[in-house]
Amino acid sequence: AHEVALATAAAPFDLPTGFIFSITFGMCGPTLLAHGTGEQKSRHVRQMLSGEQIWCQLFSEPGAGSDLAAIRSSAVRDGDHWVVNGQKVWSSGAHYSDYGLLLARTDPERPKHRGLTMFVVDMRSAGVTIRPLRQINGDEHFNEVFFDGVRIHQDQMVGGVNDGWRTAITTLMNERVSLGAGGDPDQQARVEAIFGLARANGRYDDPVVRDRLAKVYSEHSIIGLIGERIRDAVLRGVDPGPEGSVAKLATARFAKNLAELGADIAGAQLSAWDSDDARSPMWVDVLLSAPARSIAGGTDEVQRNIVAERVLGLPREPEPGRDKPFSDLPVTR
């Protein structure tokens, strides 16, 4: 409820709340609340909410993206500590984060989903190296993160040993809700902006453009209604479920439709504009950023599988080796 109130109050202003703090509020905070110890909550949650701590998610690896359970970053117990080695990638905001939720393999002799453990890691710890990745839109949002003998005290474990898949699912479900629940004030601003763009470029009365504007407006309204349903369930204490994947899919499709329509209406303005024209650069960024919506937080294909299995009741896709020891599985690169 506080997150919705903050987003509403911040919408008219140019604040970093939506971008910089979205992972902290929408993904890491809920995971600590669900699985963290009392000491972890008292140490971190208040500072998360005050903006004193920014968090990131350290899950995906070069060989483990859509198949997250295939991660190979290891955590080996050494007395009261765990020693972590490995690499993560696509870690949004890691270069300015104070802490991260790290998923590592603690028992390679168990099946791949059952030998994982989650930890809180201080991003300034010795042995942590962060390398930002420049995207096609010019931003440095994603990062590679390397762990070279990083020592994490056992008090920083979230959940139990080898129980990391369960805690990770909590993070992922909240991530899909955060990305797809319709609470993004930028989406509303862009819907309003595209109507303004059509009027300014003399395309508002074009029947084809009006039809596409109506489609974008309808999609945005539907996403908002889905978001209200999800937020209402969360406020009643119901954990996010497959409806988060439905919302995530719809949001990715909406972003692409909006970007394509903006590019068609802008025309040549998309590649050259006057220095005092503030609208055209925005539509370039929208166009170049839209494809990431189908990847971040789980690909469209992963979301469709979740909906097929958990909503439509279709059989699970075959997964050879799911119950074999992870150490016996072939390495994929």
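In the predicted model, V128 is in contact with D122, M123, V145, F146, F147 and V150, when its neighbours within four places in sequence are left aside. The residue belongs to strand β6, which covers residues 128-134, and V128 is buried because its relative accessible area is 15%, where the limit for a buried residue is under 20%. A separation of 34 residues in sequence lies between V128 and N162, and their C-alpha atoms are 23 Å apart in space.

N162 itself is placed in the loop between β8 and α5, the latter helix covering residues 164-180. With a relative accessibility of 15%, N162 counts as buried. Most residues other than glycine have a negative phi. A second case is W90, which has a positive phi of about 60 degrees although W90 is not a glycine. W90 is found in the loop between β3 (81-89) and β4 (99-105), and its relative accessibility of 52% is the reason why W90 counts as exposed, since the term applies over 50%.

Another loop position is that of Q156, between β7 (140-153) and β8 (157-158). Q156 counts as buried because its relative accessibility is 11%. Residues up to four places away in sequence not being counted, Q156 touches Q40, R43, H44, M118, F119 and V120.

Turning to the helices, A198 lies in α6, which is made up of residues 185-200, and a relative accessibility of 0% means that A198 counts as buried. Apart from residues up to four places away in sequence, A198 touches R203, Y204, V209, L213 and I265.

Helix α7 itself runs over residues 207-235, and its 29 residues reach 42 Å from the first C-alpha to the last, which is close to the 42 Å expected at 1.5 Å a residue. At the start of α7, a side-chain oxygen of D206 comes to within 2.9 Å of the backbone nitrogen of V208. An α-helix has 3.6 residues a turn, so residues three or four places apart point the same way. Just after α7, G237 takes a positive phi of about 90 degrees. Between A198 and G237 there is a separation of 39 residues in sequence and of 43 Å in space, from C-alpha to C-alpha.

A further pair of helices is formed by α8 and α10. Two packed helices are described by the angle between their axes and the distance between the axes. For α8 (residues 243-266) and α10 (residues 300-310), the packing angle is about 145 degrees, and the axes are 9 Å apart. The crossing in which α8 passes α10 is left-handed. On the side of α8, the residues that take part in the contact are S245, V246, K248, L249, A252 and K256, and these meet D300, Q303, R304, I306 and V307 in α10. The residues of this contact divide into five nonpolar, two polar and four charged.

Note on methods. Residues numbered from 1 in each chain as written. Predicted model: local features only at pLDDT ≥ 70, side-chain atom pairs only at ≥ 80, totals over all residues. Heavy atoms only, no water. Helix = DSSP H or I, 4+ residues; strand = E, 2+ residues; numbered from the N terminus. Expected span 1.5 Å × (residues − 1). Polar contact = N/O pair within 3.5 Å; in protein donor to acceptor, adjacent residues only side chain to side chain. Axes fitted to C-alpha atoms, helices over the stretch in contact; angles between N-to-C directions. Left-handed = near helix turned anticlockwise from the far one by under 90°. Contact = heavy atoms within 4.5 Å. Nonpolar A, V, L, I, M, F, W, Y, C, P; charged D, E, K, R; others polar. Buried < 20%, exposed > 50% of the residue type's maximum accessible area, 1.4 Å probe, protein only.
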